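Here is a short briefing to read beside the structure. It takes backbone geometry, helix packing and charged pairs in turn.

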Amino acid sequence: MSVVINARIVAFAVHALAVVASVMLFVWSICYRGGFAWESTNKTLIFNLHPVLTLTGLVILGGEAIISYKSLPFEKRVNKLIHLVFHAIAIILGILGIYAAFKHHNEKHIPNLYTIHSWVGIGVIVLYALQWLYSFIIYFFPGGSSTLRRDLLPWHIFFGVFVYVLAVGNSVLGFLEKLTFLEKSGLDKFGSEAFLVNFMAIITILFGTFVLLIVYSKSPPSVEEDNYSYSAI
């Protein structure tokens, strides 16, 4: 089942939401949380890298990679390469973001992996990497047969959507967790920072929703080889 929409027009909403989310994230991290650092006596600056890297990578770049087949006007081979590279960068940023969280916890002597957000986060990065590796082998190099690619494509799409929904949901869960910790430390529940974090979560949900809308939109006419065309993932 597909939705009859112009994916390239809807993609502009995705790009716009990506810009809005990124600006809000940097404003929060720099203006409210003090900035970033890999090494610092202020360990909060280390943690601040976590939401920036994970949201930018797994959600924003991941979403842009997912919609590339339907939103970009290039030939299939070019879109495939963009899809592959964007996902690879997303994984790298995600790993660095998770490393920043572990580094922050270790240097402040805080236990690791004690919340559902951290558990799901580890699951997301592992599944994301496995999805990329298997897809690289089947669809890029050395590449499976036309029949194998066609047969595995529905599972490729399902698994990709599943992991992406987990990433979006876990990002929202991360905003909730961080805001809860801040409010327990005295942050005004109705202050500007609390509203900013809540709105970032809403923008993240909207971004993911529009990405999924494009995933399930009707593909443009295709005359690709192998008599089939890739979906959005």
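**Loop, helix pair and salt bridges**

His109 sits in the loop between α4 and α5. This is a predicted model. The points below start with that loop, move to the helices on either side of it, and end with the salt bridges.

- His109 is not a glycine, yet its phi is positive, at about 60°.
- The residue His109 is exposed, with a relative accessible area of 72%. The cut-off for exposed is over 50%.
- Leu113 also has its place in the loop between α4 and α5.
- Phi of Leu113 is near 55°, again a positive value in a residue other than glycine.
- Leu113 counts as partly exposed, at 40% relative accessibility.

- Phe141 and Pro142 are joined by a cis peptide bond, with omega at about 0°.
- Pro142 lies in the loop between α5 and α6, and α6 covers 146-184.

**How α4 packs on α5**

- Two packed helices are described by the angle between their axes and by the distance between those axes.
- Helix α4 spans residues 76-107 and helix α5 spans residues 116-140. They pack at an angle of about 155°, and their axes are 10 Å apart.
- That angle makes α4 roughly antiparallel to α5, because angles over 145 degrees count as roughly antiparallel.
- The crossing of α4 past α5 is left-handed.
- From α4, the residues in contact include Leu81, Leu84, Ile91, Ile95, Ile98 and Phe102. Lys80, His87 and Gly94 of α4 are also among them.
- From α5, the partners include Ile122, Ile125, Tyr128, Trp132, Phe136 and Phe140. Gly121, Ala129 and Tyr139 of α5 take part as well.
- By class, the residues of this contact of α4 with α5 divide into 16 nonpolar, three polar and one charged.

**Salt bridges**

- How many salt bridges are there? The count comes to four.
- Glu193 and Arg33 meet through their side chains in a salt bridge, at 2.8 Å from N to O.
- This pair links distant parts of the chain, 160 residues apart. Glu193 is in helix α7 (residues 192-215), and Arg33 is in the loop between α1 (7-32) and α2 (43-47).
- Is Glu193 buried or exposed? Glu193 is buried, with a relative accessible area of 6%. Buried means under 20%.
- Glu107 and Lys43 form another side-chain salt bridge, at 2.7 Å from N to O.
- Glu107 lies in helix α4 and Lys43 in helix α2, so this pair ties together parts that are 64 residues apart in sequence.
- Glu107 counts as partly exposed, at 28% relative accessibility.
- Lys103 also forms a salt bridge with Glu107. Their closest N and O atoms are 2.6 Å apart.
- Both Lys103 and Glu107 lie in helix α4. They are four residues apart, about one turn of the helix.
- Lys103 is buried, with a relative accessible area of 10%.
- Salt bridges that share partners join Glu39, Lys43, Lys103 and Glu107 into one network.

Technical notes. Residues numbered from 1 in each chain as written. Predicted model: local features only at pLDDT ≥ 70, side-chain atom pairs only at ≥ 80, totals over all residues. Heavy atoms only, no water. Axes fitted to C-alpha atoms, helices over the stretch in contact; angles between N-to-C directions. Helix = DSSP H or I, 4+ residues; strand = E, 2+ residues; numbered from the N terminus. Parallel < 35°, antiparallel > 145°, perpendicular 65-115°, else oblique. Left-handed = near helix turned anticlockwise from the far one by under 90°. Contact = heavy atoms within 4.5 Å. Nonpolar A, V, L, I, M, F, W, Y, C, P; charged D, E, K, R; others polar. Buried < 20%, exposed > 50% of the residue type's maximum accessible area, 1.4 Å probe, protein only.
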